[in-house]
Amino acid sequence: MNSTTRIALMFAACAVTTAAAFAGPRPPALTDSLLDAIRHVESGGDDSAVGDGGRAIGPYQIHRAYWLDACAADPSLKSGTYADCFDAAYSRRVVVAYLSRYGRGCNAAQLARIHNGGPRGHRKSATVEYAEKVLDAMK
């Protein structure tokens, strides 16, 4: 392995480590089942969904501010654009970054409430019904 290849590999490893450090560890309750249920409740799985008066897009109904928060948590998301939230795989990464940032130590219901109501959504009474729908969709 030449020195150029070695340096490139070191930079790649550093970028991956740095991106993971920003978002923090993924909460144990942030499972594929929870992500699938949030997607189902938000859009019925419709990648082209637009809601909330045009302010929420994609299968997870992501708002621009949510996306920006997720990009701050995981800088690798900046390789995409807000419009990429229509893509199922990209938008899922956005949700994982956001909930990893704000949902440390939270259970599935609390994570759903944060997705719906923002960083302090798990404390808002307005998000309880949403969490119940997500938990029902997980069954």
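Let me start with helix H5, where the cover over the buried residues includes helix H2 (32–43), helix H3 (64–73), helix H4 (88–102) and helix H6 (128–137). Please keep in mind throughout that this is a predicted model. H5 itself runs over residues 108–117 and is mostly covered, with seven of its ten residues buried; these are Ala108, Leu111, Ala112, Arg113, Ile114, His115 and Gly117. At the start of the helix, a side-chain oxygen of asparagine 107 comes to within 3.1 Å of the backbone nitrogen of alanine 109, and just after the helix glycine 118 adopts a positive phi of about 90°.

From there I would move to the nonpolar core. The largest one has 32 residues, and the members that touch the most others are Ile62, Trp67, Cys85, Val94 and Leu99. At least two residues of this core come from each of H2, H3, H4, H5 and H6, while H4 gives the most, with seven residues. Leucine 99 is worth a look on the screen: if we leave aside its neighbours within four places in sequence, it is in contact with Pro27, Leu30, Ile38, Tyr66, Arg104, Leu111, Ile114 and His115. Two of the names in that contact list, Leu111 and Ile114, are also among the buried residues of H5.

Now to the aromatic residues. The structure holds three aromatic pairs. One of them joins tryptophan 67 and tyrosine 82 in a tilted arrangement, with 6.0 Å from centre to centre and 55° between the planes. This pair links distant parts of the chain, since tryptophan 67 sits in helix H3 and tyrosine 82 in the loop between H3 and H4, 15 residues apart. Both partners are buried, tryptophan 67 at 10% relative accessibility and tyrosine 82 with a relative accessible area of 11%. Separately, Tyr66, Tyr98 and Tyr102 form one aromatic cluster.

What about the cysteines: how many disulfides does the structure hold? There are zero. For cysteine 71 the reason is distance, because its sulfur is 7.6 Å from the closest cysteine sulfur, that of cysteine 85, which is too far for a bond. Cysteine 71 is buried, with a relative accessible area of 4%, and cysteine 106 is buried as well, at 11%.

Let me turn to the strands. There is an open sheet of three strands in the order S1-S2-S3, paired in the antiparallel sense. Strand S1 (50–51) and strand S3 (62–63) stand at the edges with a single partner strand each, so one side of each has no neighbour in the sheet. The pairing of S1 with strand S2 (residues 56–57) is made over two bridges, and valine 50 stands opposite isoleucine 57 in S2.

The loops of this sheet bring me to my last topic, backbone geometry. As a general point, most residues other than glycine have a negative phi. Aspartate 52, which lies in the loop between S1 and S2, has a positive phi of about 50° although it is not a glycine. Glutamine 61, in the loop between S2 and S3, likewise has a positive phi, near 50°. Which of the labels buried, partly exposed or exposed applies to aspartate 52, and which to glutamine 61? Aspartate 52 counts as partly exposed, because its relative accessibility is 39%, whereas glutamine 61 is buried, with a relative accessible area of 14%.

Methods. Residues are numbered from 1 along each chain as its sequence is written. This is a predicted model: local features need pLDDT of at least 70, side-chain atom pairs count only at pLDDT 80 or more; totals for chains, interfaces and linings use all residues. Side-chain values use heavy atoms; hydrogens and water are left out. Buried means under 20% relative accessible area, exposed over 50%, partly exposed in between (1.4 Å probe, protein chains only). Helices (H or I, at least four residues) and strands (E, at least two) are DSSP runs, numbered from the N terminus. Contact means heavy atoms within 4.5 Å. A polar contact is a pair of N or O atoms within 3.5 Å; within protein, one must be able to donate a hydrogen and the other to accept it, and residues adjacent in sequence count only if both atoms are side-chain atoms. Rings of Phe, Tyr and Trp (its six-membered ring) pair if their centres lie within 6.5 Å; planes under 30 degrees apart count as stacked, over 60 as edge-to-face and the rest as tilted. Two strands pair if DSSP finds at least two bridges between them. A disulfide is a pair of cysteine sulfur atoms within 2.5 Å. A nonpolar core is a set of buried Ala, Val, Leu, Ile, Met, Phe, Trp, Tyr and Cys residues joined through side-chain atoms within 4.5 Å.
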